[in-house]
Amino acid sequence: AGQHFEKVMTRSGECQQRQAEGVQALRQRLEEDQEQKGALLAASLNQRMTRANQHNEAVAGKVLQHQEHMERSTAECRAVAPAERLALLSERLYEHFYVARPR
C-alpha cells in the first residue's frame, strides 16, 4: 500500500508539473501575442499620425493661400476709386441677375 501511495503521489506530482508547464507555455504565448498586437497598433497609429500631419499641413497651406488671395483682392479693391468700385459692382450685379439668368 505504501508503494502504491508513492506511485500515486509521483504521478500526481508529474501531472501537476505538466499542467503548470502547459499553463506557463500558454501564458508566454499570450504575452508574445499581446506584444505583437501592441507593436502593430503602435505602427498603425504612427502611420495615421503621419498622414494626419501631412493633411493638416496641406490644409494650412491652402488656408494661407486663401488669406493671401483675399488680402490681394482687398488691396486691389481699395486701390480703385469708390465711384469706379460702385460702377463695377453695379455692372456685376446687372450681369448676374439679368444676363446670366434671363427670365
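## Aromatic pair

One aromatic pair is counted in this predicted model, where rings of Phe, Tyr and Trp (its six-membered ring) pair if their centres lie within 6.5 Å. The pair is tilted because the rings of Tyr94 and Tyr98 have centres 5.4 Å apart and planes at 35°; planes under 30 degrees apart count as stacked, over 60 as edge-to-face and the rest as tilted.

Tyr94 and Tyr98 are four residues apart in helix H2 (residues 82-99), so about one helical turn separates them. Helices are DSSP runs of H or I with at least four residues, numbered from the N terminus. Tyr94 is exposed at 51% relative accessibility, and Tyr98 is exposed at 53%. Here buried means under 20% relative accessible area, exposed over 50%, and partly exposed in between (1.4 Å probe, protein chains only).

## Negative patch

A surface patch of negative charge is formed by Glu31, Glu32, Asp33 and Glu35. Glu31 lies in helix H1 (residues 2-79) and is partly exposed, at 46% relative accessible area.

## Glu68

Helix H1 also holds Glu68, which is partly exposed with a relative accessible area of 38%. From Glu68 to Leu26 the separation is 42 residues in sequence and 63 Å in space, C-alpha to C-alpha.

## Basis of the values

Residues are numbered from 1 along each chain as its sequence is written, and side-chain values use heavy atoms, leaving out hydrogens and water. Because the model is predicted, local features need pLDDT of at least 70 and side-chain atom pairs count only at pLDDT 80 or more, while totals for chains, interfaces and linings use all residues.

Note on methods:
Patch = residues over 30% accessible without salt bridge, like charges linked within 9 Å, V, L, I, M, F, W, Y side chains within 5 Å. Areas by Shrake-Rupley, 256 points an atom, 1.4 Å probe, with all protein chains shown as cover. Salt bridge = Lys/Arg side-chain N within 4 Å of Asp/Glu carboxyl O. Lys, Arg positive; Asp, Glu negative; His and termini not counted. Charge placed at Lys NZ, Arg CZ, Asp CG, Glu CD. Helix = DSSP H or I, 4+ residues; strand = E, 2+ residues; numbered from the N terminus.
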